[in-house]
Structure formats: structure tokens, C-alpha cells
Amino acid sequence: MRWTVTDDIYAETWRQLLEFSNIELTTDVLVKKHGEPKSKSHRENLTKQATQARVCVLQAKEYFDAARAASLFTSPNHCYYGAVALASLMLLVLGDGTKSLDYLRADNRNNHHGLEFTTGCNAKSASTGITLVEHSRVEILEFGHFSNWYKQLPSRWSVSAIVEQSFGATNSISMKSIGGYTVPVFDTIVGSKRTLLDLLTFLPDLDSDLQRYGISAVRSRTSHEVRQDQDGHTTHTWRIHGCRSESELEALLEEFAVTSRFADALSFHGPDNAQSGIVSLRYKQPELIGIRWPTCRDTMNHDSISYAGMFETHEIVDLYLVSYQLSMLSRYFPDIWVRCIESQCRAAKLIERATGIITKKLPILTLSMLNGEETVISTHREPWKN
């Protein structure tokens, strides 16, 4: 995990991203990721990719700056094209030479967003409740920019927790990777359709808004700590701070699992009719017990929200798909868009919050992808160092 402390998160995020506007630095990154060039032409191709990456990150910065300055009537357009520019940057840095923009343009199937948008709303219905986000959806197509970008994202993403290690009278506390999850391969999501509501429901920074508006999903704020004792035992502790009901807690608990012969090592402690409690697991290393626990996502305030039944794509993918749908609505359905925004209905409030989240969080998640590890930019130091 990379953790940067700053008094201006947005400025620091772009300071780091804009290192890719330096062609020499970006070429060095490409060499580190893909190996030394084997010929002069190979070196020239790397320089070409670095030059294209420079333009992408400069454009992305201008798009996101414009989104922050614009009203909600137009800011989603800037957000989406900023997202496209950052996705292109990732293609150029994470992909080999076959992902350079000129190479991709040679195939006409790539000259498309790779997504298809539809909505079942009209201007009247869009101004009521959450109708617009319930009945607007994106379909993932087989070819296009989205496909090329998605395939360059890591197929597995690590999960970190605070790990305390005991060395006799001395303890060491740090944030470490303690597992991970495998994201769906692209072929399995081709043709899938996801509504705006499907996507917004699992954005952790919307958690309190969704609860106030009565939008249901099995979720809870959680904390996960791991202790490794000197005697070789490892103890995982998950604190579930509060589901909305006992049945939701039970659904979340079903996401925890271990290999059957270790079932007795997994336990839950909480009051009767509980909506919160503690899940613990204790075992001796190096036993392989096949632990599974609910997928979680972190808010920008560093709270972890655990979910049951979440589609385990990267959060950056969900933000990208949200930005695409909001952009399509604001550009091609202005009558519907304006009625929704001016009504200040619940959908409008969710859209307003989501747009703000995209401008702040999508660039940071881009850094995580480019760095190959979770990257945090915060106004305070790491909590385990306090």
C-alpha cells in the first residue's frame, strides 16, 4: 500500500498522475513493466506510447478540472471524457505495444465506446423518486474502448488489513496484503446489463445516502484486523458495526466461509437479535484453510464497507460505467436530464453525489492501477501509526 499525506488531496493526486506527462519518466515506467527494448524500432514504439500517454493525462486533467467548475447540467460529460482519457493512459502504460492508440485504430471494431445505453424513463417519470437510476442501464459490448481497457486491468486484486505481529515483548503493526479476490474475466461480462442503481448501490461513499433514501443492499461498515502470535497462531477479527436488520446480518455472515474441516475455528459473537457483532477465526500457520469473507470497498474517509452479493468488478469499473451513463443522459436526453436535476428528487441527489465522487476518486483509483497496489492520498497519516 502507498499512503501519501497532504493538505490538498486533489492537487496531490494530479501531481502524481502528471508524472506521466514526462515522456522520459513514462518510458522508464514502460521499460520497467515490459522489459528493455530489443531494437531501435522497439525503443521508438515505447517513446510513441509515452508520447500518447502524455496527451491522455494532460487531457484528463483538463476534463476533471472542467467537471469541478461546471454545473451538474454538464459536469457528467467532462467526468466521462476524463474517465476515457485516464482509461487510455492505463491502456498505454499497462498494455504492450498492441494497446497503443494508433494500433487499436487499425481495427474498426475498436472505434466505439464499447458500451450501449438505454433508458426507460420519460421527462415526467424522471422527476420522481429514484426512477431515472432504476430504469437507465448500460450493456457491455464485445469490442470497443471499454473492452480494451478492462482487459488490461489486473485479474486479481489484493485485500489489505491491519496486521499485528508479536515478537515476545515487542509488537509490530502495519497494513499488509492478506488475500485478494479474482475479478470476472471480460468474456463473462459481455452482454451483461447493469442499471445505474445496480452500480450506485455498491459505491461505498454513497452508503449513508443510500440508507437515508431506503435503498436496500446487504452491507455494513466493518473493520478487519489480523494478529500473528509468537506461537504461530493467526487470528482474524472482523467487527461488523451494524446491518439494518437481523436478516441482513445473517446474509452478510453467509459470506464468511472456511474449508469444512476448519469450520469450528470460525465463530460469531453478538447479542440476541443482533445487527452487529464480531466474527473471529483462529488457526495455526501454515495450515491452508481457504478463508472467504465479504468483499469490501473503502470510502474516501477510509471506512470499509462490506457487502453481500456484490458483483466483484474493480470499483473503478463501476465508476466508469456510472460516468458513461450520466454522460449519455445529459447529452442525448436533455429533457429527461433537466427534469430530473431540477426536481431535486432522490435520483437527482444521488447523481449529484456520484458526480462529485467520480471527480475525486476515479483519479486516485487510476493511480492504484498504474502503481499495481492500493494507493491512498489522505489528509492524515496512516491510522495504524497513530
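Predicted model: local features only at pLDDT ≥ 70, side-chain atom pairs only at ≥ 80, totals over all residues.
Local features were taken at pLDDT of at least 70 and side-chain atom pairs at pLDDT 80 or more, while totals for chains, interfaces and linings use all residues. Residues are numbered from 1 along each chain as its sequence is written, and side-chain values use heavy atoms, with hydrogens and water left out.

Buried denotes under 20% relative accessible area, exposed over 50%, and partly exposed in between, for a 1.4 Å probe and protein chains only. Beyond the residues up to four places away in sequence, I351 touches L72, L132, V133, L326, W337, C340 and I341, where contact requires heavy atoms within 4.5 Å.

Helix α4 and α13 pack at an angle of about 0° with their axes 10 Å apart, axes being lines fitted to C-alpha atoms, for helices over the stretch in contact, and angles running from 0 to 180 degrees between N-to-C directions. The two helices are therefore roughly parallel, a class that covers angles under 35 degrees, with over 145 counted as roughly antiparallel, 65 to 115 as roughly perpendicular and the rest as oblique. The residues of this contact divide into 13 nonpolar, 4 polar and no charged. By contrast, the axes of α2 (residues 23-34) and α4 come within 9 Å and cross at roughly 55°, so α2 is oblique to α4. Here T26, V29, L30, K33 and H34 in α2 meet L92, V93 and L94 in α4.

In helix α11 (residues 315-332), 16 of the 18 residues are buried, so this helix is largely enclosed by the rest of the structure.

H302 lies in the loop between β11 (295-298) and β12 (304-307) and is partly exposed, with a relative accessible area of 26%. Q344 is found in the loop between α12 (334-343) and α13 (346-371), and is likewise partly exposed, at 46%.

How values were computed:
Helix = DSSP H or I, 4+ residues; strand = E, 2+ residues; numbered from the N terminus. Nonpolar A, V, L, I, M, F, W, Y, C, P; charged D, E, K, R; others polar.
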